[in-house]
Amino acid sequence: MIDTRQQELARHGDLISPLTGRVLSQAEVDTYNRYTLDFNRFTYEADKEFMLDQRHRFVVNCFYEEVA
């Protein structure tokens with residue numbers, strides 16, 4: 001099924017871990033935005049949902065990561 005949803009790109013400071021309060025780095029935000037760009041590029045619902053799942057997995061891993 002065709003899906004026309006689009007999402008805005010995140011900026012540095014938009015992604016903050018609710019667990020540690022750590023602000024994700026610019027490199028992490030850039031990676032997150034690559035998932036968002038793919039989401040926006042895809043047109044089918046299944047593809048978009050897959051990208052949302054992958055992006056969520058990535059950001060949750062970042063949220064649990066400890067800063068050295």
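**Ring and helix contacts**

Modeller: Bear in mind that this is a predicted model. Lys48 lies over the face of Phe39, 4.2 Å from the ring centre.

Biologist: And ring against ring, how many aromatic pairs does the structure hold?

Modeller: One aromatic pair. Its members are Tyr35 and Phe58, with ring centres 5.9 Å apart.

Biologist: Why is that pair called tilted?

Modeller: The planes of the two rings are at 40 degrees, so the pair is tilted. Planes under 30 degrees apart would count as stacked and over 60 as edge-to-face.

Biologist: Where do the two residues sit in the chain?

Modeller: Tyr35 is in helix 1, residues 26–41, and Phe58 is in helix 2, residues 45–64. They are 23 residues apart, and the pair links distant parts of the chain.

Biologist: Is Phe58 buried or exposed?

Modeller: Phe58 is buried, at 18% relative accessible area. The cut-off for buried is under 20%. Tyr35 has 23%, so Tyr35 is partly exposed.

Biologist: Switching to the helices, at what angle do the axes of helix 1 and helix 2 cross?

Modeller: Roughly 170 degrees, and the axes come within 8 Å. That angle makes helix 1 roughly antiparallel to helix 2.

Biologist: Which residues make the contact?

Modeller: From helix 1, they include Tyr32, Tyr35, Asp38 and Phe39. From helix 2, Lys48, Leu52, Arg55 and Phe58 are among them.

Biologist: How do the contact residues divide between nonpolar, polar and charged?

Modeller: Eight are nonpolar, four polar and four charged.

Notes:
Residues numbered from 1 in each chain as written. Predicted model: local features only at pLDDT ≥ 70, side-chain atom pairs only at ≥ 80, totals over all residues. Heavy atoms only, no water. Phe/Tyr/Trp six-rings, centres within 6.5 Å; stacked < 30°, edge-to-face > 60°. Helix = DSSP H or I, 4+ residues; strand = E, 2+ residues; numbered from the N terminus. Buried < 20%, exposed > 50% of the residue type's maximum accessible area, 1.4 Å probe, protein only. Lys NZ or Arg CZ within 6 Å of the ring centre and 35° of its normal. Axes fitted to C-alpha atoms, helices over the stretch in contact; angles between N-to-C directions. Parallel < 35°, antiparallel > 145°, perpendicular 65-115°, else oblique. Contact = heavy atoms within 4.5 Å. Nonpolar A, V, L, I, M, F, W, Y, C, P; charged D, E, K, R; others polar.
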